[in-house]
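Please walk me through this model.

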2 protein chains.
Amino acid sequence: MTGRLIGIDWGTSSFRAWLMGPGGTVLDEIGTARGILSVPQGGFDVVMEQALAPWPKRLAVIASGMVTSRNGWVETPYLPLPLDAAALAGALVPHRAASGRAVHFVTGALGNAGGLPDVMRGEETEIIGHMAAGGGDGLFVLPGTHSKWARAEAGRLTSFRTCMTGEGFALLRHQSILGRLAEPGPFDPAAFARGLAAGRAAGPLLVRAFSVRALALTGQLAPAQIADYLSGLLIGDEVAGMVPTGPVTLIGRGDLTARYRIALEAAGTEARIAAPGMARLGLWDIATRAGITG
Amino acid sequence: MTGRLIGIDWGTSSFRAWLMGPGGTVLDEIGTARGILSVPQGGFDVVMEQALAPWPKRLAVIASGMVTSRNGWVETPYLPLPLDAAALAGALVPHRAASGRAVHFVTGALGNAGGLPDVMRGEETEIIGHMAAGGGDGLFVLPGTHSKWARAEAGRLTSFRTCMTGEGFALLRHQSILGRLAEPGPFDPAAFARGLAAGRAAGPLLVRAFSVRALALTGQLAPAQIADYLSGLLIGDEVAGMVPTGPVTLIGRGDLTARYRIALEAAGTEARIAAPGMARLGLWDIATRAGITG
């Protein structure tokens with residue numbers, strides 16, 4: 001089958017690329033840990049070319065994710081909400097790579113909620129992909145380092161908020177006093193559920209977080225339970241504070257979406273996990289609208 | 001004047017000691033950065049003796065703070081609430097130092113709020129000192145790495161909660177994406193006040209914290225304002241979530257208590273800053289009741 005497009009989802013900590021045929025079908029794919037934080041200044045051309053070397057140079061490349069951020073390859077402006085696939089297609093930022101490949105960057109989205117701005121780069125493409133695949137709109141949660149809670153209506157992304165849950169967990173687990181007594185272990189559903197309950201409780205998050213330490217010191221939380229209790233506490237706080245109304249579609253890594261489904265269902269919210277591949281489908285949809293597929 | 005007692009407030013990041021005369025008056029004092037985290041395993045005897053060398057060996061030493069924690073010199077049990085100076089005096093843990101000095105450790109306090117345990121080591125002594133000096137009881141806030149909100153009634157410490165505000169600030173400022181665009185600068189009251197408003201707003205803390213990044217990226221927050229905005233956001237969240245009723249007495253470092261006074265007053269709560277020296281006065285009161293002063 002003939003290649004039509006190369007799509008790249010280039011995030012903070014990972015690089016994924018697909019060689020797509022007619023209709024966005026997958027002819028070949030690559031996944032590496034060369035996220036933008038691992039790429040030295042000026043090194044994006046080399047990293048991309050190494051990854052894409054086996055694929056035809058005549059194909060257009062479309063790329064989304066943190067690769068267009070201030071710490072990425074080419075910083076692009078944010079597109080204000082509401083936006084849809086056509087708007088993203090119209091706002092593609094073209095760039096000629098050193099290898100001669102034509103790269104088209106999907107730009108990020110700028111939201112505003114409660115008088116405060118908010119930004120995303122990459123998740124807009126996954127939500128577009130979900131809608132393009134006939135998955136419908138509604139409320140989306142994309143868990144991760146910076147979780148996104150996004151609403152889409154009539155095919156348009158209309159609002160979103162970012163919650164630093166993944167980064168907060170990593171800091172508290174590995175850099176704070178809370179992780180001192182922790183030991184690794186398999187996923188402990190009871191510890192996670194106990195954390196969810198503390199996450200839903202009243203009071204400042206940083207007060208409830210200290211219960212990790214106090215419970216561990218008083219022997220009420222085993223060392224291997226600490227990480228899952230803390231994870232439940234942060235996700236429980238996020239879910240309770242976002243007050244989801246109606247069913248939620250989860251897009252993302254399997255281990256994370258499973259945790260969020262437990263948390264959402266514990267809060268009485270229906271949660272569905274989207275099939276993998278939403279970034280690729282979004283890239284195909286945007287590229288098709290922009291007329292850059294071969 | 002004759003020395004009667006040596007008091008030590010030995011915390012996570014600092015060591016303070018006083019040679020006290022009759023009535024707890026200060027004859028001499030020492031302050032160093034030899035907090036317990038800087039002391040190697042088995043090194044507490046040497047560090048203490050180096051600091052106290054000029055002072056008479058015959059005097060009893062009384063010590064409070066994180067020096068009695070799991071990462072300290074001698075781990076002591078927690079005393080459950082409610083407690084008063086007499087209870088702390090009765091629970092002193094004696095220890096003979098390698099130098100022959102008699103050291104008496106003030107043990108920590110164990111609280112329970114909302115079904116979750118909480119712990120403190122050192123702050124109980126400062127609150128006892130405030131009451132011993134005639135400062136009265138009521139609601140106390142002791143800002144720091146782990147802020148304590150404590151209530152004392154009729155001379156007894158009856159409840160408290162810990163908020164990891166200081167540690168959370170340090171992590172977000174220096175280890176997270178929020179600090180990436182920050183530059184140092186003098187205290188900026190307007191940025192701090194703007195952070196306080198975001199701290200009082202609804203929604204998960206880790207959602208509102210991301211506004212630091214979004215405001216900075218969109219040019220609405222200058223690099224030198226980031227740290228004070230973040231500080232205001234975390235302290236504002238803490239104050240709003242603790243819902244203080246009635247006036248608050250602040251005990252602690254001048255720069256921190258000044259920030260908390262601004263935050264409390266912005267929330268409509270009267271705040272008074274206690275005079276320095278509360279730890280020393282608490283140590284003297286407890287030692288006197290235990291009959292260990294020379």
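A154(A) lies in the loop between β11 (147–153) and β12 (156–163) of chain A. Strands here are DSSP runs of E of at least two residues, helices are runs of H or I of at least four, and both are numbered from the N terminus. A154(A) has a positive phi of about 50°, although it is not a glycine. Most residues other than glycine have a negative phi, and most peptide bonds are trans. A154(A) is exposed, with a relative accessible area of 73%. Exposed means over 50% relative accessible area, buried under 20%, and partly exposed in between, with a 1.4 Å probe and protein chains only. In chain B, A154(B) also has a positive phi of about 50°. A154(B) counts as exposed at 75% relative accessibility.

This is a predicted model: local features need pLDDT of at least 70, side-chain atom pairs count only at pLDDT 80 or more, and totals for chains, interfaces and linings use all residues. Residues are numbered from 1 along each chain as its sequence is written, chains are lettered from A and ligands numbered from 1 in the order in which they are written, and side-chain values use heavy atoms, leaving out hydrogens and water.

Next, the backbone. The peptide bond from L81(A) to P82(A) is cis, with omega near -10°. P82(A) lies in the loop between β5 and α2 (85–90) of chain A. In chain B, the bond from L81(B) to P82(B) is cis, with omega near -10°.

How are the two chains related? Chain A can be laid on chain B with an RMSD of 0.0 Å, by a turn of 180° and a shift of 0.0 Å along the axis. The two copies are thus related as by a two-fold rotation axis. The superposition is by least squares on the C-alpha atoms of residues with pLDDT of at least 70 in both copies.

Now the rings. The whole structure holds 12 aromatic pairs over all chains. Rings of Phe, Tyr and Trp (its six-membered ring) pair if their centres lie within 6.5 Å; planes under 30 degrees apart count as stacked, over 60 as edge-to-face and the rest as tilted. W73(A) and F105(A) have ring centres 5.6 Å apart and planes at 75°, so the pair is edge-to-face. W73(A) sits in the loop between β4 (61–64) and β5 (79–80) of chain A and F105(A) in strand β7 (residues 102–105), so the pair ties together parts that are 32 residues apart in sequence. Both W73(A) and F105(A) are buried. Ring pairs link W10(A), F15(A), F44(A), W73(A) and F105(A) into a cluster.

A charge also meets a ring. R121(A) lies over the face of Y78(A), at 4.1 Å from the ring centre. Here NZ of Lys or CZ of Arg must be within 6 Å of the ring centre and within 35 degrees of the ring normal.

Finally, where does T107(B) lie? T107(B) is in the loop between β7 (102–105) and β8 (109–113) of chain B. T107(B) is buried, with a relative accessible area of 2%. The T107(B) side chain makes a polar contact with the side chain of T76(B) (2.7 Å). A polar contact is a pair of N or O atoms within 3.5 Å; within protein, one must be able to donate a hydrogen and the other to accept it, and residues adjacent in sequence count only if both atoms are side-chain atoms.
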